[in-house]
Amino acid sequence: MLDLSFLSVGYKDKTVLSDIHLTFAPGSLTAIVGPNGSGKSTLLKTMLGILPPKKGKVLLDGSPLSSMKRIEIAKRISYLAQDTQVPDMTAFEAVLHGRFPHLSYPRRYRERDYAIARAAMERTGVLPFADIKLSSLSGGERQNAFIAMTLAQDTDVLLLDEPTSSLDVRHAYTLLSTLKTLAREGKTVAVVMHDLPLAFSLCDRVALFAEGRLLAQGSPASVLASGIVSHTFGVSIGHSDDAGYYYRY
């Protein structure tokens with residue numbers, strides 16, 4: 001479980017988000033939404049310990065993240081950045097990198113590491129591309145390989161920054177469904193998203209950030225009913241039993 005208590009985040013002298021109180025619980029898939037520049041990526045980096053809080057605390061299972069070593073955090077929280085560089089390696093080699101926090105020195109992969117990496121690739125549909133260079137894969141295939149690398153890290157908490165940005169609608173839906181299944185298996189999953197109908201349709205909770213603060217949090221239905229979505233984004237979202245959530249023009 002991740003708890004954000006009186007949290008303010010930002011860079012140097014600039015505070016991006018202030019006074020955040022938010023809990024990410026096991027068994028729940030949370031969508032982090034907000035306009036461009038609202039601080040979503042900055043928040044994730046602070047939740048991971050890459051950036052120190054400007055104020056307040058990030059608690060992981062009740063312990064301050066600031067008191068933990070990087071390797072300990074990496075064993076418990078996995079992170080997929082928005083812009084991931086493409087290394088010169090095969091998809092399987094890249095996915096195996098997710099096992100690094102669990103390797104002792106010298107870093108030698110065990111049969112368990114290979115099995116976890118293969119299972120992660122099978123879960124994300126990229127096992128057939130295991131021996132293909134990342135640079136030769138399509139954008140969607142490459143993104144799924146990076147997601148498999150995140151899953152291979154085998155942590156209790158997953159933080160993903162716009163993981164569906166390179167995927168078409170069908171693959172984006174499949175990915176979110178996989179993340180929801182992981183949450184149902186007991187993991188804590190938080191995803192930065194711009195596709196509001198997809199986020200509202202598949203995520204258990206929504207946290208909406210804008211104007212330097214957390215404006216709304218709760219179930220998709222309660223956040224939508226507050227009216228804050230149309231006020232923040234200038235668009236309306238409708239819902240029906242047949243179509244789920246959709247942009248209403």
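Mentor: Helix α1 (residues 40–48) lies across β3, β6, β7, β8 (188–192) and β9, and runs at about 155 degrees to β7. Helices (H or I, at least four residues) and strands (E, at least two) are DSSP runs, numbered from the N terminus. Axes are lines fitted to C-alpha atoms, for helices over the stretch in contact, and angles run from 0 to 180 degrees between N-to-C directions. Contact means heavy atoms within 4.5 Å. The model is predicted: local features need pLDDT of at least 70, side-chain atom pairs count only at pLDDT 80 or more, and totals for chains, interfaces and linings use all residues. Residues are numbered from 1 along each chain as its sequence is written, and side-chain values use heavy atoms, with hydrogens and water left out.

Now the sheet itself. It is an open sheet of six strands in the order β6-β7-β8-β3-β9-β10, with mixed pairing. β6 and β10 (213–218) stand at the edges with a single partner strand each, so one side of each has no neighbour in the sheet. From one strand to the next, the twist averages 15 degrees. Strands of a sheet pair through backbone hydrogen bonds, either parallel or antiparallel. Here two strands count as paired if DSSP finds at least two bridges between them. Strands β3 (residues 29–33) and β9 (residues 205–210) run parallel and are joined by four bridges; Ala31 has Val206 in β9 as its bridge partner. β6 and β7 also run parallel, with four bridges between them, and the bridge partner of Tyr79 in β7 is Leu159.

Buried means under 20% relative accessible area, exposed over 50%, and partly exposed in between (1.4 Å probe, protein chains only).

Helix α5 lies across β6 and β7, running at about 170 degrees to β6. α5 (residues 139–152) has 14 residues and reaches 20 Å from its first C-alpha to its last, close to the 20 Å expected at 1.5 Å a residue; the expected span is 1.5 Å times one less than the number of residues. Of its 14 residues, 11 are buried, so α5 is largely enclosed by the rest of the structure. Among these buried residues are Gly140, Phe146, Ile147 and Leu151. The buried residues of α5 pack against β6 (77–80), α3 (91–96), α4 (111–124), β7 (157–161) and α6 (169–184).

Phe92 and Tyr114 are stacked, at 6.2 Å centre to centre with 25 degrees between the planes. This pair links distant parts of the chain, with Phe92 in helix α3 and Tyr114 in helix α4, 22 residues apart. Phe92 is buried at a relative accessible area of 16%, while Tyr114 is partly exposed at 26%. Phe100 and Tyr109 form a tilted pair, 6.2 Å centre to centre and 40 degrees between the planes. Phe92, Phe100, Tyr109 and Tyr114 form one aromatic cluster.

Helix α6 holds Ala183, which is buried with a relative accessible area of 0%. Leaving aside neighbours within four places in sequence, Ala183 is in contact with Gly27, Ser28, Leu29 and Val189.

The loops have some backbone exceptions. Most residues other than glycine have a negative phi, and most peptide bonds are trans. The peptide bond from Tyr105 to Pro106 is cis, with omega near -5 degrees, and Pro106 lies in the loop between α3 and α4. Glu162 has a positive phi, near 50 degrees; Glu162 is in the loop between β7 and α6 and is buried at 14% relative accessible area. Glu211 has a positive phi too, near 55 degrees, and is placed in the loop between β9 and β10. With 58% relative accessibility, Glu211 counts as exposed.

Conventions:
Phe/Tyr/Trp six-rings, centres within 6.5 Å; stacked < 30°, edge-to-face > 60°.
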